[in-house]
Amino acid sequence: MNQTVDDMPREVHVIEPSRGWMHVHWRELWQYRELFGFLVWRDVKIKYKQTLLGAAWAVLVPLCQMVVFTVLFQRVADFSSDGLPGPLFYIAGLLPWNYFASSITQASNSMVQNAPMLTKIYFPRLMAPATPCAAAFVDFALAFVMLLALTFFYGIVPGASWLLLPVFMALACGAAFGAGSFLAALNVKYRDVRHIVPFLVQLWMFLTVITPYSAVKDALGAWRYVYALNPMAAVVEGTRWALFRHLNGVELLPGRPVAVAPGPPWDLFVLGTAVAVAMLAAGIYYFKRMERTFADIV
Amino acid sequence: MRNPQQWELMSTDKIAIQVRGLGKRYRLGETHEVYRTFRDTLATLPAWLRNTSRERRAAKAGGHDPETPPGTFWALRGIDLDVHEGDVLGIVGRNGAGKSTLLKILARITEPTRGRAEIHGRIGSLLEVGTGFHLELSGRENIFLSGAILGMRKAEIRRKFEAIVDFAGVDEFLDTPVKRYSNGMRVRLAFAVAAHLEPEILIVDEVLSVGDAEFQKKCVGKMKDVAGGGRTVLFVSHNMQAVKALCESGILLERGRIVQRGPIADVVEAYLARATAVEPGTPIPPEFHRRYPCDLEVFRVDVLNRHGEPAGFVLMEEPFGLRLHCRARRSRPDYTVNVQFRRDDGLVLGTIGTSYVLDRLEMRDGGVYALTARLKNVFSPGQYSMDVRVAAGPEEIDFVEGIPLTVAPVTAGDELPQREGVVQLRSEWSLEEEDADGAPQGGP
């Protein structure tokens with residue numbers, strides 16, 4: 001690739017005080033892609049170092065959540081699950097949700113955790129909160145294998161709409177990265193963030209994963225548009241829809257045919273996507289605005 | 001002031017770094033106070049409102065510099081600098097003179113407040129050995145990770161892998177997690193990676209001061225290779241021998257400004273001349289303060305003999321005292337003053353201070369105080385230096401470096417011989433006879 005340094009035109013960096021809206025240097029991000037790869041690799045590698053079960057945790061955690069939710073919310077409380085067996089219903093929500101929760105938690109800590117690096121070396125700072133958002137896909141992929149096993153167990157064939165899953169994961173990724181970079185920047189100045197985030201994530205999960213949108217619609221009426229401002233509701237509902245829409249009418253539970261909405265819930269998607277895009281823009285904007293002082297105060 | 005065009009005409013070489021009017025302003029406390037919580041912010045809000053309104057009035061009356069709002073200071077100001085390709089430039093100055101700030105701006109770690117710098121070529125910075133090391137990862141993994149963080153390409157690291165492992169001498173432990181390495185091995189590996197960085201411009205801060213003497217020699221040798229290879233190097237160090245050995249030219253920074261530039265020998269000489277100018281019992285000139293004026297200014301330090309009288313030196317093993325004369329420019333209930341004793345190579349021998357003993361010092365605006373400390377003298381005869389650190393609450397507000405302290409040997413005729421070592425340890429001994437296997441004689 002680059003043989004001798006002298007053949008290449010010298011790169012010129014201009015260092016000046018930044019003012020106004022700071023642009024994201026896309027070209028620079030591209031130049032640093034190798035380092036980004038290394039940072040993601042480091043995150044994945046050290047996540048399960050010196051653990052007995054290693055990467056099995058990526059499967060065990062959603063498995064336990066799934067069992068508890070099924071027993072509690074379906075067996076005991078008899079919440080609606082759109083006619084889906086509890087394990088399928090909850091795991092379909094937990095997969096994207098756990099991706100989001102782990103990304104946002106790690107991302108909000110990323111600047112503080114990487115403080116020694118931030119004060120000693122230059123790299124595009126946005127890569128710090130972006131790294132956990134990329135690394136969390138590894139856990140997602142492992143947990144997805146469990147989902148495949150479950151569908152096999154229930155004798156379900158994947159439908160064509162599974163191809164839409166990346167769209168919803170992209171939405172989750174955008175929302176996580178936007179919120180994560182905002183919280184990461186805030187955390188540099190105010191360490192309260194690390195107390196707020198776990199609590200926020202927990203509340204947010206109950207708002208998102210437990211009930212299908214059909215039940216929310218029935219209960220809330222026009223207020224459902226407030227509910228729909230949660231981009232993760234769109235992601236979770238969308239994931240369930242994409243995974244199971246081809247099963248409509250099939251009786252997986254005795255006497256209860258699957259009743260996933262045949263068409264996507266557009267109100268949820270449009271509002272959720274708009275909010276996710278706004279979160280992404282606001283997160284990056286705030287991060288870039290704070291960026292110039294990170295190394296001085298972290 | 002020379003104008004920029006003239007600078008460029010003067011040299012035929014290509015410019016590597018061009019700096020014009022560079023300045024960096026910090027908010028007081030920003031560099032030291034670690035972080036805040038919302039509660040801290042809320043708690044300081046009333047004081048902040050009070051202070052700013054008072055300061056605003058003071059600024060109106062006293063004609064404050066509008067460039068330096070109250071509560072801020074310039075760590076670096078009006079820096080003009082041209083570095084040509086292949087130059088090896090030493091940057092010297094006392095602590096807080098702005099050396100590290102300058103390097104951090106050029107390495108793009110922090111942004112300047114004013115001015116502009118242009119950097120032609122790939123830049124690599126080495127502000128600390130072991131940046132990006134992760135203790136859980138193996139030596140092999142860390143070589144790749146640290147290399148990538150320092151700016152090497154994967155292919156480049158692969159090419160240099162053998163050389164790095166050779167230089168560090170850790171080949172047997174490549175697959176052991178770095179947390180099981182000894183401290184020395186970790187430093188060697190970290191430096192080995194850094195030493196194989198081959199940017200066009202290399203920025204180095206104090207990294208040679210790690211490891212044992214032998215390894216340090218190896219490092220200086222490697223640095224010489226880098227410098228001799230036609231690369232541009234900016235080098236910061238307190239070690240004047242290393243600076244002289246590596247650099248051709250240099251700049252001397254003092255309180256954020258360049259006060260001398262030219263051949264390295266002259267710059268080092270100027271630095272040493274300034275470094276020893278404060279004497280006990282004489283007023284401390286403004287340039288010896290990290291920040292001046294500041295809320296609590298130590299303007300003179302007296303060394304006291306055992307009778308509490310000002311003296312030029314103290315005697316070995318005799319108790320002595322320090323009297324710090326200070327002037328408060330703002331009432332605060334929480335000043336602290338600490339004094340650190342150092343040997344000429346930087347080794348800290350000990351620290352005394354009000355933060356260890358007294359409650360915080362309450363001083364009123366405009367008050368002049370004498371703060372006196374008495375202590376046992378354990379130092380061996382020789383030359384030491386004292387650094388005075390002044391803090392208000394959690395923030396360090398001033399730092400005076402390098403006040404000499406002479407400990408004189410006790411004159412002949414006295415019974416006490418001088419013992420070997422940095423400190424004079426006093427001990428009592430006794431002698432009793434034992435039987436062959438080490439039990440006290442006459443035992444049961």
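This is a predicted model: local features need pLDDT of at least 70, side-chain atom pairs count only at pLDDT 80 or more; totals for chains, interfaces and linings use all residues.
What do the buried residues of α12(A) pack against? They pack against α7 (165-189), α9 (213-220), α10 (224-227), α11 (231-244) and α13 (294-297) of chain A.

Residues are numbered from 1 along each chain as its sequence is written, and chains are lettered from A and ligands numbered from 1 in the order in which they are written.

The expected span is 1.5 Å times one less than the number of residues.

| Helix | Residues | Length | Span, first to last C-alpha | Expected span |
|---|---|---|---|---|
| α2(A) | 33-47 | 15 residues | 21 Å | 21 Å |
| α12(A) | 266-291 | 26 residues | 37 Å | 38 Å |

A residue is buried if 20 or more other C-beta atoms, placed from the backbone, lie within 10 Å of its own. In α12(A), the buried residues include L268(A), F269(A), G272(A), V275(A) and M290(A). Those of α2(A) are L35(A), F38(A), L39(A), V40(A), R42(A) and K47(A); their cover includes α6 (127-153) of chain A and α4 (139-150) of chain B.

Now to chain B, which is divided into domain 1 (79-274) and domain 2 (286-408), with bounds from an automatic or database domain assignment. Their centres, taken over C-alpha atoms, are 33 Å apart. Six residues of domain 1 of chain B are in contact with six of domain 2 of chain B, contact meaning C-beta atoms, placed from the backbone, within 7 Å.

Definitions and conventions: Helices (H or I, at least four residues) and strands (E, at least two) are DSSP runs, numbered from the N terminus. A residue is buried if 20 or more other C-beta atoms lie within 10 Å of its own, exposed if 12 or fewer, and partly exposed in between; C-beta atoms are placed from the backbone. Two residues are in contact if their C-beta atoms, placed from the backbone, lie within 7 Å.
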